[in-house]
Amino acid sequence: MATVPVTSRTLLGRLKSAREQTDRLFDLLRPEALYSRPIPERHRLIFYLGHLEAFDWNLVCRKTLDIPSFHPRFDQLFEFGIDPPVGKAAEDQPSDWPATEEIHRYNRRVREAIDENSDRAPDQIAQVAIEHRLMHAETLAYLLHNLPYEKKLAPGGSAPHSAHRVANSMIAIPPGTATLGQSPGEFGWDNEFARHTQDVPAFAIGKHKVTNGQYLEFVRAGAAPPHFWTERDGQWRYRGMFSEIPLLLNAPVYVTHAEASAYARWCGKKLPSEAQFHRAAYGTPEGFERPYPWGSAPPDVSRGNFDFHHWDPVDVDATPAGDSAFGVSQLVGNGWEWTATQFGPFADFRPFAFYLGYSQNFFGEEHYVMKGGSARTAACLLRRSFRNWFRPNYPYVYASFRIVEN
Ligand SMILES: [Fe+2]
C-alpha cells in the first residue's frame with residue numbers, strides 16, 4: 001500500500017503506483033457520493049475524478065509534447081481547482097457536471113496516451129505529474145473525511161492508542177544555522193528554490209505536538225472546539241475518517257492556524273518560524289544537518305505516521321525512532337505543522353514556466369507555511385525542502401502544531 005522511495009522506481013512505475021493511491025480513494029465512495037461537495041470551499045468530488053487525468057494530459061501531452069487534444073471541453077473543465085476565502089462556496093449544481101461514465105472514458109484514454117508517451121516527457125514534468133497526484137491523494141482524504149460516514153466504505157483497521165497521558169516538555173535548541181530549500185539539480189517545486197541558509201538564535205520547542213488532551217484545557221477555558229471534534233452527551237469525541245471515537249487525548253490536535261496561534265498566545269508562547277522548524281527537525285548538536293529528522297535512512301513506518309499506512313493520527317509519543325537529533329518527536333508525519341511564516345518566495349524564486357500559478361498565486365498574508373506531513377502524505381513529499389501552505393482559517397487539513405519560546 002505504501003509508496004516506495006523516489007530513487008528505486010522508474011517514473012512511469014511511480015505514476016502508476018500514485019494512480020493506485022488515488023483510484024483507491026474513489027473506490028471508498030458509494031456511487032451517489034461522487035456528486036457531493038464535502039468541503040464548501042472546494043469542488044464537488046466529481047471534479048477530482050476528471051482533474052487528476054486532465055492535469056496529466058494538459059501538462060504532459062498537450063503542453064509538453066504538443067499532442068492534439070481529443071476532448072478540449074474536459075481538458076478545460078477539469079483543469080483547475082479552487083481556493084476561495086473560507087465561507088465563499090461555489091454555486092454549481094450536480095447536474096452541471098458530466099456523467100461518471102463519460103469521465104471514466106476520458107480518463108482511460110488519457111492514461112493510455114500518457115503511458116505511450118511518458119518516455120518522451122522530461123523527468124521534471126513526470127515528477128510534477130506524480131507529486132501533483134500524490135498531493136491530491138492527501139487533499140482528497142480531507143474531502144472524504146468530511147463526507148457523512150454512510151457515504152463511504154470503511155477499509156477496516158485502526159491505529160492503536162494508549163491510555164496514559166503524554167507529558168509535554170520544552171527542548172532547548174542552541175543557536176545555529178538552518179538550510180532551507182532544495183539543492184540545484186534535485187527535483188523540487190518552484191517554491192523550494194533557491195536553497196539558502198538562515199541563522200537561528202537559541203529557542204526552546206515542544207518535544208511533542210500539542211495534543212487533543214492539552215487543547216481540551218483551552219476549550220474548557222472558553223476556546224471554540226476544533227473542526228475534528230464533536231460533542232455527544234457532554235463528552236467530546238473525535239470525528240475519525242470512518243467512525244466517531246472517544247477523543248484521542250494523546251493524539252495531536254488538528255486545528256487552524258488561527259486556533260494554533262491563539263493557543264500559543266494563551267500559553268504565553270509562539271508558533272515556530274519555518275527556519276526554527278528546520279533547525280529543530282534537521283539540525284544536530286554537531287552542526288551538520290540531516291535530510292530527515294532521524295538521519296538519512298529513507299522514510300519507513302517505524303519513523304512516523306505517513307505514507308498512507310493510517311487514516312487517523314497516532315499518539316504523539318508513538319514513533320520515537322523518528323525523533324530529531326535534538327530529541328524532538330514527530331516533526332515529520334502524524335499531521336503537518338503550522339509555522340508562523342507567511343507563504344512567500346525564497347530569494348531567486350522563479351515560477352515553473354509550465355505551471356506559472358502553482359505557488360505565486362498563493363504568496364502573501366492569506367496563506368501560512370506548513371512543514372512535516374500527515375498520515376496521508378506520500379513518502380516522497382517528506383523531503384526537507386517541501387513546503388505546504390493553507391489559509392489560516394481553513395479547518396479541514398490534518399494540521400497540527402507545536403509551541404516555541406524565544
Ligand atoms: Fe490539482
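## A tour by selection

Start by colouring the chain by pLDDT, the predictor's confidence in each residue, from 0 to 100. The protein averages 94, and 96% of the residues score at least 70. Now select residues 1-8. Their pLDDT is below 50, and this stretch has 15 contacts in the model beyond near neighbours in sequence (contact: heavy atoms within 4.5 Å).

The model is predicted: local features need pLDDT of at least 70 and side-chain atom pairs count only at pLDDT 80 or more, while totals for chains, interfaces and linings use all residues. Numbering runs from 1 along each chain as its sequence is written, and side-chain values use heavy atoms, with hydrogens and water left out.

**Stop 1: the largest pocket**

Select Gly81, His136, Tyr355, Tyr358 and Phe362. Of the 41 lining residues, these are the closest to the centre of the largest pocket. The space there is about 1000 Å³. On a 1 Å grid over the protein atoms alone, a pocket is an open set of points with protein on both sides within 12 Å along at least five of seven lines; a cavity is a set where a 1.4 Å probe fits but cannot get out; lining residues have an atom within 4 Å of a point. Points are joined across faces, edges and corners, and a volume is the space filled by probe spheres set on them.

Next, show helix 2 (45-64). Helix 2 gives the largest share of this lining, eight residues. Helix 5 (123-145), helix 9 (357-360) and strand 10 (388-390) each supply at least two. Helices (H or I, at least four residues) and strands (E, at least two) are DSSP runs, numbered from the N terminus. By class, the lining holds 24 nonpolar, ten polar and seven charged residues. Ala, Val, Leu, Ile, Met, Phe, Trp, Tyr, Cys and Pro count as nonpolar, Asp, Glu, Lys and Arg as charged, and the others, Gly among them, as polar.

**Stop 2: a cavity**

The whole structure has two cavities of 30 Å³ or more.

**Stop 3**

Pick Met170: its bridge partner in strand 4 is Gly206.

Definitions and conventions: Two strands pair if DSSP finds at least two bridges between them.
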